[in-house]
Amino acid sequence: MSNKDTFREKVALAEMLKGGVIMDVTNVEQAKIAEESGAVSVMALERIPSDIRADGGVARMSNPQMIKEIQENVSIPVMAKCRIGHFAEAQVLEALEVDFIDESEVLTIADEEAHILKHPFKVPFVCGARNLGEALRRIDEGAAMIRTKGEAGSGNIVEAVRHMNMINKQIIELTDKNLDEKSSEFRVPVELVRYVFQNKKLPVPNFAAGGIATPADASLMMQLGAETVFVGSGIFKSSDPLERAKSIVHAVTHYKNSKEVLNASFHLKDAMKGILMSDLSENEKFSNRGD
Amino acid sequence: MRSFLIEEIKLIGVLALQGNFQSHLEILNKIGKTSKEIKFSKELDEVEGLIIPGGESTTIFNLLNREKNFVSEIKSFADSFPILGTCAGLILMSQLKNDKIVKSLDIIDALIERNAYGRQINSFSASIQLKNNLFQERLIRGSFIRAPKIISYGESTEPFAFFQNEVVGVKSGKHFGITFHPEIFKETFIHEICFN
């Protein structure tokens with residue numbers, strides 16, 4: 001059965017997560033810290049992106065037992081990641097009743113030709129995008145939330161900024177004259193492109209992810225148009241996770257208020273060290289996975 | 001008649017700590033009300049009505065308690081002005097069944113169970129019947145997203161919204177609380193009756 005009729009409810013959950021911070025956690029203790037700090041949801045995964053990067057090897061869906069323990073110990077929604085194109089991992093996560101599935105480039109790609117067809121699932125999906133075409137292809141497949149890919153595990157905001165700016169720029173460049181052309185360039189139905197042209201935004205919430213490490217990073221992404229931020233390695237790779245988590249939440253709530261972002265930035269210890277993009281080969285960039 | 005009533009409440013606040021507060025600002029705009037985001041308790045001084053929107057109740061509760069007097073300021077605001085709570089908003093306004101995390105503001109006398117339909121895959125939309133002596137009976141649409149249930153309510157609380165046999169909306173004096181999201185369907189009726 002197609003669940004296109006549940007698309008409204010999938011997007012509605014994404015709507016409820018707006019103005020918040022979604023945090024990567026690897027165990028119950030971290031999940032509780034995230035909840036206490038004001039996180040709106042947690043992403044349960046075995047290794048945070050910076051460790052996946054350091055460890056190498058194949059990165060797969062997390063152990064369901066670990067996800068289940070987190071589900072049992074927090075009241076906020078729990079998300080989990082599956083590999084791009086790995087619909088069987090997604091089916092397992094759906095059976096586990098996670099609240100959102102992230103079909104994520106941070107894990108090793110499973111299908112180099114195609115992403116998961118997400119409409120038949122009852123659980124909503126979030127997918128990463130670097131540009132408008134990629135965002136609309138994912139939405140056409142059934143994604144109920146888009147996030148920038150950024151460069152996960154880098155602690156470097158530059159790629160998230162690039163992706164958010166690119167999507168914004170490509171939205172502005174749509175005109176009533178070029179919709180058919182853009183529809184074939186993006187490989188999506190023209191109705192989808194027309195919606196974006198008419199509403200000047202994506203038909204689903206647009207969040208930021210990949211490289212957010214400080215309260216000011218979070219404020220920057222919100223001011224560029226993100227409606228919520230994901231923070232992965234930035235919190236539990238810092239030397240003061242609870243304080244940093246609280247501060248990033250505060251900076252998102254008050255992202256337009258520089259005094260409050262300042263307040264949030266006081267008393268923090270060291271942020272994660274981070275990686276320069278020039279120190280990563282194209283092969284090492286998660287954001288190049290999937291299109 | 002309506003245009004006369006609409007002028008009664010001048011400015012309505014929408015608690016904007018987290019959640020889909022933007023949708024409520026849009027609904028208020030649609031019914032001709034001016035509104036403003038409320039992020040600090042002192043901003044309550046300017047408004048004559050408040051919406052506590054949907055979002056994550058744990059998160060909103062947590063953020064309310066970051067400011068020392070926010071909870072008590074909302075409680076005293078409720079003595080004079082109407083508050084509409086949707087989903088997480090209703091959760092914060094009522095009493096909670098066996099809940100160690102969120103402590104309610106105790107504005108509506110009703111007992112609530114969070115996420116009572118289950119996790120996200122159990123979320124759904126439905127027609128909801130509205131019935132009260134203040135207005136003509138009608139149906140509106142709403143979405144139940146990881147929604148709570150109203151388990152019971154006190155004598156001062158009247159039910160006014162029903163889904164099948166369940167009470168999904170209650171009125172307590174000038175306050176309204178609903179377990180569902182009419183704003184997802186751009187339904188304006190509940191906002192109109194609450195603030196007119």
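A salt bridge here is a side-chain nitrogen of Lys or Arg within 4 Å of a carboxyl oxygen of Asp or Glu. By that rule, Glu56(B) and Arg146(B) form one through their side chains, at 3.7 Å from N to O. Keep in mind that this is a predicted model, where local features need pLDDT of at least 70, side-chain atom pairs count only at pLDDT 80 or more, and totals for chains, interfaces and linings use all residues. Residues are numbered from 1 along each chain as its sequence is written, chains are lettered from A and ligands numbered from 1 in the order in which they are written, and side-chain values use heavy atoms, with hydrogens and water left out.

**Where the two chains meet**

- Contact (heavy atoms within 4.5 Å) links 35 residues of chain A with 34 residues of chain B.
- Buried area is the accessible area (1.4 Å probe) that two parts lose on being put together, summed over both; for chain A and chain B that comes to about 2,700 Å², with 55% of it on carbon and sulfur atoms.
- On chain A's side, Glu9(A), Met16(A) and Ser75(A) lose the most area to chain B, and together they make up 23% of what that side buries.
- Polar contacts (pairs of N or O atoms within 3.5 Å; within protein, one must be able to donate a hydrogen and the other to accept it, and residues adjacent in sequence count only if both atoms are side-chain atoms) turn up in 16 residue pairs between chain A and chain B, both residues being at pLDDT 80 or more.
- Helices (DSSP runs of H or I, at least four residues) and strands (runs of E, at least two) are numbered from the N terminus; α1 (7-16), α2 (28-37) and α12 (241-253) of chain A each supply at least two residues of the side that touches chain B.
- Of these, α1(A) gives that side its largest share, 7 residues.
- That side of chain A divides into 11 nonpolar, 10 polar and 14 charged residues, where Ala, Val, Leu, Ile, Met, Phe, Trp, Tyr, Cys and Pro count as nonpolar, Asp, Glu, Lys and Arg as charged, and the others, Gly among them, as polar.

**Salt bridges**

- Over all chains, the structure holds 32 salt bridges.
- How many of them run between chain A and chain B? The count is 1, and Asp99(A) and Arg146(B) have side chains that meet in a salt bridge at 3.2 Å, N to O.
- Arg146(B) also has its partner within chain B, Glu56(B): Glu56(B) sits in the loop between β3 and α3 (57-64), Arg146(B) in the loop between β8 and β9 (149-153), and the two are 90 residues apart.
- Both Glu56(B) and Arg146(B) are buried, with buried meaning under 20% relative accessible area, exposed over 50%, and partly exposed in between (1.4 Å probe, protein chains only).
- In chain A, Lys18(A) pairs with Glu227(A), their closest N and O atoms being 3.2 Å apart.
- That pair links distant parts of the chain, 209 residues apart: Lys18(A) is in the loop between α1 and β1 (21-25), and Glu227(A) is in the loop between α10 (215-223) and β8 (229-231).
- Lys18(A) is buried at 14% relative accessible area, while Glu227(A) is partly exposed at 24%.
- Lys68(A) and Glu72(A) also meet in a salt bridge, at 3.1 Å from N to O; they are 4 residues apart in helix α4 (residues 64-73) of chain A, so about one helical turn separates them.
- Glu72(A) counts as exposed at 54% relative accessibility, and Lys68(A) as partly exposed at 39%.

**Strands in chain B**

- Two strands pair if DSSP finds at least two bridges between them; β7 (residues 124-132) and β8 (residues 135-144) of chain B run antiparallel and are joined by 8 bridges.
- A hairpin through 2 residues joins β7(B) to β8(B), and Ser125(B) has Ser143(B) as its bridge partner in β8(B).
- β7(B) also pairs with β10 (residues 157-163) of chain B, antiparallel over 2 bridges, with Ala161(B) as the partner of Leu130(B).
- There is also an open sheet of 3 strands in chain B, in the order β5-β6-β9, with mixed pairing.
- Its edge strands are β5 (95-96) and β9 of chain B, each pairing on one side only.

**A buried serine**

- Ser41(B) lies in the loop between β2 (34-38) and β3 (50-52) of chain B, and is buried at 9% relative accessible area.
- The side chains of Ser41(B) and Glu67(B) are joined by a polar contact of 2.6 Å.
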